[in-house]
Amino acid sequence: MTTPGTRQARPTVGSPDSGSSGTDALRRAVHRTVHDVDGLVDAGRFNVAVARLMSLVGEVRRAASGGGVDAGTYREAVAATAVLLSLFAPQTAQDLWQRLGRTTPVAAQPWPAVDPALLVTTEVEAVVQVDGKVRDRLSVPADVAAADLERNALARPAVTRAVGERMVRRVVVRPPHLVNVVLG
């Protein structure tokens with residue numbers, strides 16, 4: 001018997017298309033999540049660890065439905081998800097593990113290893129706001145200079161449309177994640 005709403009949050013196993021465009025992104029997401037969950041569990045922040053795990057489930061689902069990920073990377077991601085999930089939902093994790101064709105208990109599996117090279121981010125998403133409302137997002141290098149980020153943000157069509165004829169009073173830049181254009 002399933003409780004209403006539990007099926008919705010339960011990880012599902014699909015079959016991804018073959019390809020390599022999303023493979024690196026999925027591998028980075030898996031390794032980042034394993035790293036984060038490890039630290040969060042050690043700190044006793046279990047709710048945040050579960051939230052990070054569910055974000056990973058979303059990434060894996062998108063990889064399955066969107067394609068662009070090779071089957072080996074996809075199976076690695078699902079296996080890591082099952083091992084992480086076994087801390088919080090052992091029966092669901094075991095069911096997922098068995099769907100992968102594994103016969104050993106998921107709880108007996110070692111913690112997934114983290115590749116430190118996959119934790120390094122070279123590109124991040126910057127949010128561009130006009131008067132506190134999100135108007136655009138752009139990908140920028142993680143080490144972008146404040147002046148470059150401001151120049152790129154102000155040149156975006158959505159930002160120029162939102163500013164219109166009004167005067168820009170101030171531009172708050174917090175590299176690499178935020179640009180807020182304050183109008184006067």
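Which helix holds both Arg 62 and Glu 59, and how many residues apart are they? Both lie in helix H3, three residues apart, about one turn of the helix. The close-ups below come from a predicted model, in which local features need pLDDT of at least 70, side-chain atom pairs count only at pLDDT 80 or more, and totals for chains, interfaces and linings use all residues. Residues are numbered from 1 along each chain as its sequence is written, and side-chain values use heavy atoms, with hydrogens and water left out.

**View 1. Arg 62 and Glu 59 pair up within helix H3.** Their closest N and O atoms are 3.1 Å apart, forming a salt bridge (a side-chain nitrogen of Lys or Arg within 4 Å of a carboxyl oxygen of Asp or Glu). Helices here are DSSP runs of H or I with at least four residues, numbered from the N terminus. Glu 59 is partly exposed at 33% relative accessible area; buried means under 20%, exposed over 50%, and partly exposed in between, using a 1.4 Å probe and protein chains only. By the salt-bridge rule, the count comes to eight.

**View 2. Glu 76 reaches Arg 27 in a salt bridge.** Here the closest N and O atoms are 3.9 Å apart. Glu 76 sits in helix H4 (residues 71-85) and Arg 27 in helix H2 (residues 23-42), so this pair ties together parts that are 49 residues apart in sequence. Both ends are partly exposed: Glu 76 has a relative accessible area of 33%, and Arg 27 has 26%.

**View 3. Arg 52 meets Asp 36.** The N to O distance in this salt bridge is 3.3 Å. Distant parts of the chain are linked here, with Arg 52 in helix H3 (residues 46-66) and Asp 36 in helix H2, 16 residues apart. Arg 52 is partly exposed, at 37%.

**View 4. The largest pocket has a volume of about 440 Å³.** A pocket is an open set of points on a 1 Å grid over the protein atoms alone, where a 1.4 Å probe fits, with protein on both sides within 12 Å along at least five of seven lines; lining residues have an atom within 4 Å of a point. The volume is the space filled by probe spheres set on the points, which are joined across faces, edges and corners. Of its 22 lining residues, the closest to the centre are Ala 25, Leu 26, Arg 28, Ala 29 and Glu 59. H2 gives the largest share of the lining, seven residues.

Key
Helices (H or I, at least four residues) and strands (E, at least two) are DSSP runs, numbered from the N terminus.
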